[in-house]
Amino acid sequence: MAGIGGRVGLKGSDGEEVVRRALELGAVPEAGDRTVRVLQRLRSAQAGFELLVAPGPMGEEAARAAGLEARVVGEVAGPGTTAEDTRRIATAMVERERVDLLLFAGGDGTAADVLAAVGSSAPVLGIPAGVKIHSAAFAVSPEAAGVLAGEVARGSRVRFAEAEVLDLDEDAYRRGEIAPRLVGYLRVPEEPRLVQPRKAPSPAAEAIATEAIAADVVEGMEPGRAYVLGPGTTVRAIAGRLGVPKTLVGVDVVRDGRLVVADASEDALLEVVSAGSAAVVVTPIGGQGFVFGRGNQQIGPRVLQVVGREHVIVIATPWKLASLGGLPLRVDTGDPEVDAELSGHVLVVTGYRDRAAYRIEV
Amino acid sequence: MTEGTWPIGPKPPLRRFHQARWDEPVIFELSQPGARGVLPPAVEPEIREAVGDPVAALPRSVRRERPPALPELAQLHVVRHYARLSQENLGVDLNVDVGQGTCTMKYSPKVNDQLASDPKVADLHPLQDPSTTQGVLEVMWRLEQMLKAISGLDRVTLQPGAGSAAIYTNVSMIRAYHASRSEGARDQVITTIFSHPSNAACAKTAGYEVITLYPDADGYPDLGALRAAVSERTAALLITNPEDTGIFNPRIDDFVRVVHEAGGLCAYDQANANGILGITRAKEAGFDLCHFNLHKTFSTPHACGGPAAGACAVTEELAPFLPVPTVERDDDGRFFLDHERPMSIGKVRPWYGVVPNIVRAYAWITSLGAEGLREVAETAVLNNNYLMHKVLEIAGVSAPYAEGRRRIEQVRYSWEELSRETGVRSEDLGLRAADFGTHYWTSHHPWVVPEPMTLEPTESYSKADLDEYAAILAHVAEEARTDPELVRTAPHASTVHRADHEPLDDPERWAVTWRAYRRKAGLGG
């Protein structure tokens, strides 16, 4: 049994006004077509499953186009569909129908809606159909999503793992100021390379690499120095090794193995790093290689100025670096001087006593 | 049946293959308590009396408390077991084995096997007095002279038992060199992501911190990154060229210079020198050390982690650190083993090297001569570029980096486009190829090249072989579009259809011995 939710994923689809404007401009809703491609692939998997769909353009039409029988869940009020529809129907599919996999089509905004509705423990997978996809909760293509849905339908052993959900302020995006924030984590199939970004060959390999990075960083921690720990699962392993709690989407500070500040704001960070020696530990967020300025805006330019480039520790598994496809790591702190100071080559911690010489560009 | 139809007529365009499937258990599971392969006759009373209890002569510390936990089988059952396993296999003597890129799966001429199994070689014992082993010492000495000429360096050791052992030997010599100059604080080794990962692994095993360079937009290792990485902590650069992409780094001398200026040494991974034999040498690029895999470049069998063979070459400056013993020739032309080398790193393996493979490599080089070696490289490069031309005609595959330029001896292709289009992954395509009697390997991890496929045709294969291989790839890629589930569930005619690789990444679950398997699977010790 697999469920399907969807919504028309147009550029800037947050808000009815934007949707109408986009349609007037001649934009073509592509979520529907992409969902059809997913379902066609799912159909060829020759597995027994029940398909649940949201009404009309949110899945029902795609199922019909793919020639699949489906049961409609929920209803929508008007001719257009809204984020509220996505949230309500997704909740029903997970909590009432207990689907084995919730597929949703769209971009980062849809992923954030789904996260808000079903939380981080329900099995979901994004069909890439939005204009901007920074989140890791999406399959690399509709066909890949169909393959994974087929595996779930067949009852194959599919592992699930946390994947970053980044949302971006679409008004800022339309103004050309991209500023996504880390919203949380969705639970998606961990099939390597069918899900963005490129993952480790296996969960075990990923876990070992993350542990090895944590071991290296913890071994190098100096007494009395405050360590600002950025968001993300790679950084969380450091807190895990120290035995302190970690705010997954926030920034925490540890000193001498103890938690000093949890979920710190930029001002709180500035106070801590100004009080004594400090270092910052961050991992690139999302598939674009941003080290600062995406998902960790709390570690702002003032904080970085005080800490100094030599005490910025960038950590990443080799697979995360490989997922950049040769693109550099990037910084966008909001202060061009700090960005310039941070750019150049950096020794990224990729394992225990493992480094990658990798360049950072503005 | 009409003329021209299978099986009477010519074979179909694509050869079909069906592997043997014996459901063969692990040999330990075949064990029958008390079964024996050979029952030696009882010792005669007179002999027993004269010798006494032979076990009593052994010190207590080396005596077993219990017999070893070996499987107990009749000889026939042992032979049958391994004969069955040998059928559940592919290999260079069975298929067009160009899909194992970076491994250089060239043909091993059978005449060299005959020489290696000749009793004059096979019956030698390493404890024989050198006066009785002049022939094999001469072969070793002569092979060393040949490898000196091929690398341009000054001394060679044939002791390492495999490629990684050779890299480890080089790293050990690098460590000893720096220690001898009171520079033991150099604790970092630099390598590249497209160099063989054994370079990073061996440096790590020897205690070094490893810095890996990623490629720039052209696919060359990033020279700027190297400049940022070198320091007073740099012990060495370990690098392959051409890298696993098949792209030759034209700035290799700059890399060597930057590392030398920082006080580090440079070791050239020439495990696979197949595309550059007789064309370029470690010496001319300024390297201090290099190594060869005799089982890649010089045609000896790979032996799957068993008796392969490695050789390390070094400059005069590093020669004092070579493993002992070295093979020397005195003024009378007599060969001897020199154990008295006080700065040596010691031994990296018992005895003197894998003699059967040393004999095979020597025979192979001798049969070709200097011109022949160069022709090997030229043919390997020609074969590779012909195959690349054929492969790139297939829709959905590409050769990332250095677009429009040719490759040396291998190519790391990408099926990313086909994979996005169909949801079929590179691994699936390689496994589907097994239904046509061949296969391919993707790449080491991490997959910097997405959905990779690494092909290396070597000089061994004919144009018809390469055409057959390219036709199989084209057919399988087409199937990914028309019947993706067929490809995703392949192979359909192999002994094992799909293996779960994940335990290989998990120290809690991997097992390389039966005992480890039983312990980790909770089956008892």
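## Strand β8 of chain A

In this predicted model, strand β8 of chain A covers residues 226-229. A:A226 and A:V228 point one way from the strand. A:Y227 and A:L229 point the other way. All of these residues are buried.

β8(A) pairs with two strands of chain A, β9 and β11. Strand β9(A) spans residues 252-255 and runs antiparallel to β8(A), joined by four bridges. Here the bridge partner of A:L229 is A:D252. Strand β11(A) spans residues 278-282 and pairs with β8(A) in the parallel sense, again over four bridges. In this pairing, A:Y227 stands opposite A:A279.

## Where chain A touches chain B

The contact between the chains takes 30 residues from chain A and 30 residues from chain B. On the side of chain A, several elements give two or more residues each. The helices are α2 (31-44), α6 (142-154), α8 (203-219) and α12 (318-322). The strands are β15 (344-351) and β16 (354-361).

β16(A) gives the largest share, six residues.

## A strand pairing between the chains

β16(A) also pairs with a strand of the other chain. That strand is β3 of chain B, residues 209-213. Four bridges join the two strands, which run parallel. One of the bridge pairs sets A:R355 against B:I211.

## Two helices of chain B

Within chain B, helix α6 (residues 163-180) packs with helix α7 (residues 198-205). Their axes are 9 Å apart, and the angle is about 50 degrees. The crossing of the two helices is right-handed.

On α6(B), the contact is made by B:G163, B:S164, B:I167, B:Y168 and B:V171. On α7(B), it is made by B:S198, B:N199, B:A201, B:C202, B:A203 and B:T205. The residues of this contact divide into six nonpolar and five polar, with no charged residue.

Conventions:
Residues numbered from 1 in each chain as written. Chains lettered and ligands numbered in written order. Predicted model: local features only at pLDDT ≥ 70, side-chain atom pairs only at ≥ 80, totals over all residues. Contact = placed C-beta atoms within 7 Å. Pairing = 2+ DSSP bridges. Axes fitted to C-alpha atoms, helices over the stretch in contact; angles between N-to-C directions. Left-handed = near helix turned anticlockwise from the far one by under 90°. Nonpolar A, V, L, I, M, F, W, Y, C, P; charged D, E, K, R; others polar. Buried ≥ 20, exposed ≤ 12 C-beta atoms within 10 Å, placed from the backbone.
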